[in-house]
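Subject: Handover of a structure and notes on its contents

Dear colleague,

Please find below the structure that I am passing on to you. My notes on what was found in it follow directly after it.

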Amino acid sequence: MTGMTRSSGGLDDRRKRLLFRCWHRGTREMDLILGRFADATIASLSDDELAQFEHLIEVPDPDLYAALSGDIALDPQYTGPLFDRIKAFRPGEQGE
């Protein structure tokens, strides 16, 4: 079981690939963090936000997890409003 709650049906190929990559990171913690965020928001992200998300998921899991946990700071090229949304995301609390 992946934990995925959203079907990729109805998504364009770019969003399908990104959704898949979010749920298949390599570490379960990052699958759950990024996968749940993607489940809730992938359909509504703008093209710019998709590009930022694609760039952000290139960060290795240990570094991204540490940054999302507040243990380290990421290089500024990876931070911004989308990173902040992911960091603050709590499934079910935001109507998502």
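Is Phe53 buried or exposed? Phe53 is buried, with a relative accessible area of 0%. Here buried stands for under 20% relative accessible area, exposed for over 50%, and partly exposed for what lies in between, with a 1.4 Å probe and protein chains only.

Please note that this is a predicted model, in which local features need pLDDT of at least 70 and side-chain atom pairs count only at pLDDT 80 or more, while totals for chains, interfaces and linings use all residues. Residues are numbered from 1 along each chain as its sequence is written, and side-chain values use heavy atoms, with hydrogens and water left out.

Overall architecture

The protein chain contains 5 helices and 0 strands, giving the pattern α-α-α-α-α along the sequence. Helices (H or I, at least four residues) and strands (E, at least two) are DSSP runs, numbered from the N terminus. Of the 96 residues in the protein chain, 35% are buried. The accessible surface of the chain is about 5500 Å², and carbon and sulfur atoms account for 50% of that surface; the areas come from the Shrake-Rupley method with a 1.4 Å probe, and for residues only the protein chains shown count as cover. Among contacts (heavy atoms within 4.5 Å) with a separation of 6 or more, 54% are between residues 24 or more positions apart.

The largest nonpolar core holds 24 residues, of which Leu34, Phe53, Leu64 and Ile86 touch the most other members. At least two residues of this core come from each of helix 1 (13-23), helix 2, helix 3, helix 4 and helix 5. Such a core is a set of buried Ala, Val, Leu, Ile, Met, Phe, Trp, Tyr and Cys residues joined through side-chain atoms within 4.5 Å.

Helix 5 (residues 81-88) has Leu82, Phe83 and Ile86 among its buried residues. Seen down the helix axis, the buried residues of helix 5 fall within an arc of 100°, so they line one face of the helix; the arc is that of the directions from the helix axis to the C-beta atoms. These buried residues pack against helix 2 (28-41), helix 3 (47-56) and helix 4 (61-68). Leaving aside residues up to four places away in sequence, Ile86 touches Ile33, Leu34, Phe37, Phe53, Leu56 and Leu68.

The aromatic cluster

There are 2 aromatic pairs, counted where rings of Phe, Tyr and Trp (its six-membered ring) have their centres within 6.5 Å; planes under 30 degrees apart count as stacked, over 60 as edge-to-face and the rest as tilted. In one of them, the ring centres of Phe37 and Phe53 are 5.6 Å apart and the planes stand at 90°, so the pair is edge-to-face. Because Phe37 lies in helix 2 and Phe53 in helix 3, this pair ties together parts that are 16 residues apart in sequence. Phe37 also forms an edge-to-face pair with Phe89, at 5.4 Å centre to centre and 90° between the planes. That pair links distant parts of the chain, since Phe37 is in helix 2 and Phe89 in the segment after helix 5, 52 residues apart. Both Phe37 and Phe89 are buried, and the ring pairs link Phe37, Phe53 and Phe89 into a cluster.

Salt bridges

The whole structure contains 7 salt bridges, each being a side-chain nitrogen of Lys or Arg within 4 Å of a carboxyl oxygen of Asp or Glu. One of them joins Glu54 and Arg14 (2.9 Å, N to O). Glu54 lies in helix 3 and Arg14 in helix 1, so this pair ties together parts that are 40 residues apart in sequence. Glu54 is partly exposed at 23% relative accessibility, and Arg14 is partly exposed at 25%.

A further salt bridge is formed by Arg21 and Glu58 (2.6 Å, N to O). It links Arg21 in helix 1 with Glu58 in the loop between helix 3 and helix 4, 37 residues apart. Arg21 is partly exposed, with a relative accessible area of 35%.

Glu49 and Arg85 also form a salt bridge, with the closest N and O atoms 3.1 Å apart. Glu49 is in helix 3 and Arg85 in helix 5, so the pair ties together parts 36 residues apart in sequence. Glu49 is partly exposed at 22% relative accessibility, and Arg85 is partly exposed with a relative accessible area of 32%. Lastly, salt bridges that share partners join Arg14, Asp47 and Glu54 into one network.

Yours sincerely
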